[in-house]
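User: Hello! I am new to this structure and would like a close look at one part of it. Could you walk me through the salt bridges?

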Amino acid sequence: MYAAFAQAVTSPVAYIPIKAYDQGYKVVQELSHGWKEAQVPLFLEGPWQISQIVHVPYDSTVLYIEGAVGKISVYQDMRLLWRGDTENAWIPILGRGSMRLTIKGERGGIVGGVYLLVRSDTQAWQREVSPPFLPLCERSVLKLTPAEALSASPLQQGRNACLAYPFPPPGRIRSVMHARQHKLSAFIEAPQFEIKPYFLYRTGFVLIWAVLAGMFAYFPALRQAFWQGWLKAVSTDPVETILGLVWVGMGAGMSLWSVGKESWLWIFLLTLATESVFFGWFFGKVHWVWQSWLLPIGIVSIVTLLYPHLFTPVGIGVWVIRSLRFSLHSLKFIYLCSAEMFMLLLNIPLSA
């Protein structure tokens with residue numbers, strides 16, 4: 001993660017579009033700091049999210065995001081206000097008062113600033129018209145990393161240089177580059193880390209579902225296990241068992257990778273192995289362990305493909321449902337937990 005926490009990095013000027021400037025929009029609040037997860041400007045390797053509670057004192061207030069990189073989504077409380085891929089986002093706020101603003105992104109970040117604009121005589125932050133685009137050059141002399149590109153300090157070292165940026169420079173960077181007569185390389189340099197392309201994990205989901213369709217065509221037992229396996233174990237031969245395990249691993253791995261939680265895959269596989277030993281030792285139902293994940297993994301993979309931000313609640317939901325089904329295999333286990341909880345409740349008044 002490349003994020004700047006120092007106040008010196010944040011521009012003392014809000015660079016707004018010329019149309020907004022001509023219409024009299026002024027900055028009533030600057031929101032670079034105060035976010036719960038990180039501060040602005042920021043540039044992240046994978047999915048990111050920032051949120052904070054903001055007091056909006058006026059009606060017809062506009063949330064202005066300058067220097068957005070990648071596709072972002074903006075929420076007011078639980079309502080989606082805007083979603084898109086643009087460098088400068090102009091988003092009207094609904095109503096006024098205290099509200100939680102949340103900004104999510106698939107990759108990239110906000111390398112400029114976040115401001116509240118309104119047509120008012122009150123102005124708490126300096127504003128300027130966004131600087132014009134920079135002249136282009138073909139051969140870069142100075143290549144900046146994402147960490148260096150968030151600050152204007154490297155630009156002060158020389159004049160009339162051809163600079164390569166990993167993202168379109170925001171207003172505060174362009175103003176310094178104009179002052180130092182720098183030029184921007186016509187070829188935007190790739191970041192120093194690997195960013196997960198959105199189309200790549202979509203292709204991965206198509207691949208795992210194509211594999212599943214092929215297995216359904218040649219192995220009817222797997223098709224039956226997909227729809228009935230989470231209720232009861234279906235008899236499968238060793239080849240079908242191996243293919244089913246491979247598909248479960250592929251689906252879980254692709255889902256976790258697409259939302260930036262690759263380390264969870266080892267937890268999932270360790271849980272799968274532990275449950276297999278437990279069910280094989282006590283109930284002789286090893287097949288139910290992996291078959292019970294076929295349908296849930298399919299649901300999670302579809303949700304992650306369409307709505308990546310819903311991965312966590314949907315993943316927890318299918319895990320809870322499967323856990324409830326798991327408890328039905330061992331009524332003695334439920335009785336033991338109930339008795340322990342009953343004893344705990346009896347001891348609470350005594351220890352108070």
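Analyst: A word on terms to begin with: a residue is called buried under 20% relative accessible area, exposed over 50%, and partly exposed in between. With 24% relative accessibility, E87 is therefore partly exposed. Please keep in mind that this is a predicted model, with an average pLDDT of 76 for the chain and 77% of the residues scoring at least 70.

Side chains of opposite charge can pair when their charged atoms come close. Searching the whole structure turns up 2 salt bridges.

E87 takes part in one of them: its partner is R174, and the closest N and O atoms are 3.6 Å apart. R174 sits in helix 3 (residues 171-179), while E87 belongs to the loop between strand 8 (79-84) and strand 9, so this pair ties together parts that are 87 residues apart in sequence. R174 has a relative accessible area of 7%, so this residue is buried, whereas E87 is partly exposed.

Now to the pair of D59 and R96, which also forms a salt bridge, with 3.9 Å between the closest N and O atoms. Here two loops are linked: D59 is found between strand 5 (48-56) and strand 6 (62-69), and R96 between strand 9 (88-92) and strand 10 (97-105), 37 residues apart. D59 counts as partly exposed because its relative accessibility is 45%. R96, at 55%, counts as exposed.

Terms used. Residues are numbered from 1 along each chain as its sequence is written. This is a predicted model: local features need pLDDT of at least 70, side-chain atom pairs count only at pLDDT 80 or more; totals for chains, interfaces and linings use all residues. Side-chain values use heavy atoms; hydrogens and water are left out. pLDDT is the predictor's confidence in each residue, from 0 to 100. A salt bridge is a side-chain nitrogen of Lys or Arg within 4 Å of a carboxyl oxygen of Asp or Glu. Helices (H or I, at least four residues) and strands (E, at least two) are DSSP runs, numbered from the N terminus. Buried means under 20% relative accessible area, exposed over 50%, partly exposed in between (1.4 Å probe, protein chains only).
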